[in-house]
Amino acid sequence: MYDVVALGELLIDFAQQSVDGDGYPTMAAHPGGAPGNFLAALNKYGARTAFLGKVGDDTFGRLLLGTLKGAGIETRGIVVDPAVFTTLAFVTFKDGDRSFSFARKPGADTMLRFDEVDLSLIDQAKVFHFGSLSLTGEPVRTATRQAVAYAREKGKLITYDPNLRLPLWDSQDQAREEILWGLRQADVVKISDEEVTFLWNCDEEEGARKLLEECGVNLAMVTLGPKGCMLCNRKGSVTVSSPEVKPIDTTGAGDIFGGSAVSRLLKLGKAPEDLEPAELEQVARFASTAASLSTEYAGGIPSIQEESVVLKRMKG
C-alpha cells in the first residue's frame, strides 16, 4: 500500500549559477518536476509514495529514476520511452526574480498515454496528486483527466497544485480554464498568492474563499512566499509566518511545502474538512518551516531537510 501516488512531470532543472561577460549563464543540473519534489518531501517525512509519468531513455531519464529510487519513491509507474527526450527546464534569475524556459516540444512527460498509466498504483494509494503541467498538452492531458476520474471513482483523496508556468501554455485563457478544472477536482489544494492573483485578481483571503465555496475544495493552502502561508477549511483559518532564512535557491520550495503539509495530514489521520484550527496551524507551521529551510540549499529534492531538523527549528 502507498500513502500517495502522483502523476506528472519528471524533469531536469538547470539553475543559473553565474553569468559570463556576454550574458550567457553557467548552469547546474538538478532533479526536478513538481510532483517529484512533492513526493520526495512526503517520503522524507515518513510516507510511502509512487510516481506515474514518463522519461526518455537517455542519460537524464536514468539519472532521474535513480534519484527517485534513492528518495524511496516507487518508480515502476514511470515509463521509459526511447522515442522522446526527458524534459529539461532552465531557471535563470534577474533582479532576484526567476524566469523559466523549457525544452519540451515534446518532452517525455507530455507523451504519457492513459493506457500507460499503472492503475494498480492508484488502487493501492490513499491519496492521488496531480498538477497543471500535465494539462498543458496531449496526450498527457487526457491521461491526467482519466486518471483523476479513476481516482475519484475509487474514493481517493485528491490533492492538486496549479504550479503555474505560463510559457508552457498556448494562452493565459487556456491556462486559467485548465487550472480551474483541476481545482474543481480536488479535495486539497496548494496554491500560491501569485496564482490566486492570476486566476481571480484578488487577495489570498478571497482566493481561499473561492476555493472553498466555488470550487468545492475542502482544504485550501495558500503560500505567501517569504511571508508564510494561510490554511483554510470550513472550520476556520490560520495564517503562519515563515522562519527567517538566507535563501540561495527557491526552486521546489512550493512543492516541498505541499508534500510536507500532506505528510502532516496523513499523520493526523483526519479528513481535511475535519481539521480544527489548532491542527491547521500544526500543519502550516511544519510545512512552512520545511519549505523555508529548503531554500538555503540548491535544487529541489536534494534540499529537503530531515524531519528532526525541521522540528528543531520550529521549537527554536
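What share of the contacts in the chain with a separation of 6 or more comes from residues 24 or more positions apart? The share is 70%. Keep in mind that this is a predicted model.

**Whole chain.** Start with everything selected. The chain holds 10 helices and 13 strands. Its radius of gyration is 18 Å, close to the 20 Å that the globule rule gives for 316 residues, so the chain is as compact as a globular protein of that length. Along the principal axes, the C-alpha atoms fill a box of roughly 50 × 50 × 40 Å. Of the 316 residues, 59% count as buried.

Look for an open sheet of nine strands, in the order 5-4-1-8-9-10-11-12-13. The pairing is mixed. Select 78-81 and 236-240, which are strand 5 and strand 13. These two stand at the edges with a single partner strand each, so one side of each has no neighbour in the sheet. From one strand to the next, the twist averages 15°.

**Inside the sheet.** Select residues 157-161 and 188-192. These are strand 9 and strand 10, paired in the parallel sense over two bridges. Pick Tyr160: opposite this residue, in strand 10, stands Val189.

**Helices on the sheet.** Finish with residues 140-153, helix 4. Helix 4 lies across strand 1 (2-7), strand 8 (125-131) and strand 9. Helix 4 runs at about 155° to strand 8.

How values were computed: Residues are numbered from 1 along each chain as its sequence is written. This is a predicted model: local features need pLDDT of at least 70, side-chain atom pairs count only at pLDDT 80 or more; totals for chains, interfaces and linings use all residues. Side-chain values use heavy atoms; hydrogens and water are left out. Two strands pair if DSSP finds at least two bridges between them. Helices (H or I, at least four residues) and strands (E, at least two) are DSSP runs, numbered from the N terminus. Axes are lines fitted to C-alpha atoms, for helices over the stretch in contact, and angles run from 0 to 180 degrees between N-to-C directions. Contact means heavy atoms within 4.5 Å. The radius of gyration is taken over C-alpha atoms; the globule rule is 2.2 Å times the number of residues to the power 0.38. Buried means under 20% relative accessible area, exposed over 50%, partly exposed in between (1.4 Å probe, protein chains only).
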